[in-house]
Amino acid sequence: RTNNTRRQLTRGSSRWRYPASWSPDSRYLAYADRDQRLVILSVSDGKEAVADHAVQFDFNDYTWSPDSAWLAYSKSSDNGNSSIWVYGLAGNRAFPVTEDTYGDGGPTFSSCGKYLFFQSQRDFNLEFSAFEFDYHYGQGSRIYVLTLDGNIPKLFPKEDEREPLPGNSVAPSTEGKGGKGREVRKNPVVKIDEAGIFSR
């Protein structure tokens with residue numbers, strides 16, 4: 001709604017569209033449809049660009065980076081698993097940031113733009129069933145975090161990676177206190193280093 005005037009952005013649809021997601025700068029809308037397309041729509045002129053096509057299942061989770069330069073989403077593979085992909089508006093290019101070995105989904109950028117959180121089913125907790133003479137895998141999902149740039153620190157460094165204080169004590173954690181490398185900027189610029197991203 002602009003100046004109390006409604007404006008139709010899409011028309012002539014022959015397919016079902018999934019809910020749209022506004023970019024933080026309000027310049028774009030991202031949506032998916034039943035033709036298994038992920039579409040980015042420019043609000044100013046109504047032009048549409050297809051960011052990606054699904055392989056098996058429809059796109060159902062897509063989210064913007066805080067600088068409105070990237071769109072993260074999960075995409076199914078030929079093997080039935082899903083991986084996390086990103087699409088960069090600047091280069092008009094999509095590429096995966098996780099492998100399709102497991103089932104990944106629900107990507108969300110951190111407010112500082114340096115990390116990408118996602119849910120993944122990659123824990124294999126083998127238990128014996130209480131009702132059947134069989135085994136089952138339960139509680140296989142966790143929330144994981146991906147470092148988008150190889151030059152920024154890990155979100156949760158290991159205990160022995162922290163700089164010790166005098167007296168052989170461990171340096172206090174700066175998590176949640178705007179620690180170095182994790183400060184929240186008003187206008188973050190998201191950089192995604194594709195090289196070696198699967199190992200991060």
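**Close-up views of a predicted model**

**View 1. Nonpolar surface patch around L126.** L126, F128, F133 and Y135 together form a nonpolar surface patch with about 530 Å² of accessible area. Patches are built from residues with over 30% relative accessible area and no salt bridge, nonpolar side chains (Val, Leu, Ile, Met, Phe, Trp, Tyr) being joined within 5 Å and like charges within 9 Å. Accessible areas follow the Shrake-Rupley method with a 1.4 Å probe, and for residues only the protein chains shown count as cover. A salt bridge is a side-chain nitrogen of Lys or Arg within 4 Å of a carboxyl oxygen of Asp or Glu. L126 belongs to strand β11 (residues 126-128); strands (E, at least two residues) and helices (H or I, at least four) are DSSP runs numbered from the N terminus. The model is predicted, with local features requiring pLDDT of at least 70 and side-chain atom pairs counted only at pLDDT 80 or more, whereas totals for chains, interfaces and linings use all residues. Residues are numbered from 1 along each chain as its sequence is written, and side-chain values use heavy atoms, with hydrogens and water left out.

**View 2. Open sheet β1-β2-β3-β4.** Four strands make an open sheet in this order, with antiparallel pairing. Its edge strands, each pairing on one side only, are β1 (21-22) and β4 (48-53). Two strands pair if DSSP finds at least two bridges between them; β3 (residues 37-42) and β4 are joined in the antiparallel sense over five bridges. Across this pair, V39 stands opposite V50, and A49 is the bridge partner of I40.

**View 3. Residues with positive phi.** The hairpin of β3 and β4 has five residues between the strands, and G46 there takes a positive phi near 80°. Q36, in the loop between β2 (28-32) and β3, is a residue other than glycine with phi near 60°. S68 is also not a glycine, yet has a positive phi of about 65°; S68 lies in the loop between β5 (62-64) and β6 (70-76).

**View 4. Largest pocket.** The largest pocket holds about 380 Å³ of space. Of its 20 lining residues, Y144, V145, L146, F198 and R200 are the closest to its centre. On a 1 Å grid over the protein atoms alone, a pocket is an open set of points where a 1.4 Å probe fits, with protein on both sides within 12 Å along at least five of seven lines, and lining residues have an atom within 4 Å of a point. Strand β13 (141-147) gives the most to the lining, with four residues.

Technical notes
Grid points are joined across faces, edges and corners, and a volume is the space filled by probe spheres set on the points.
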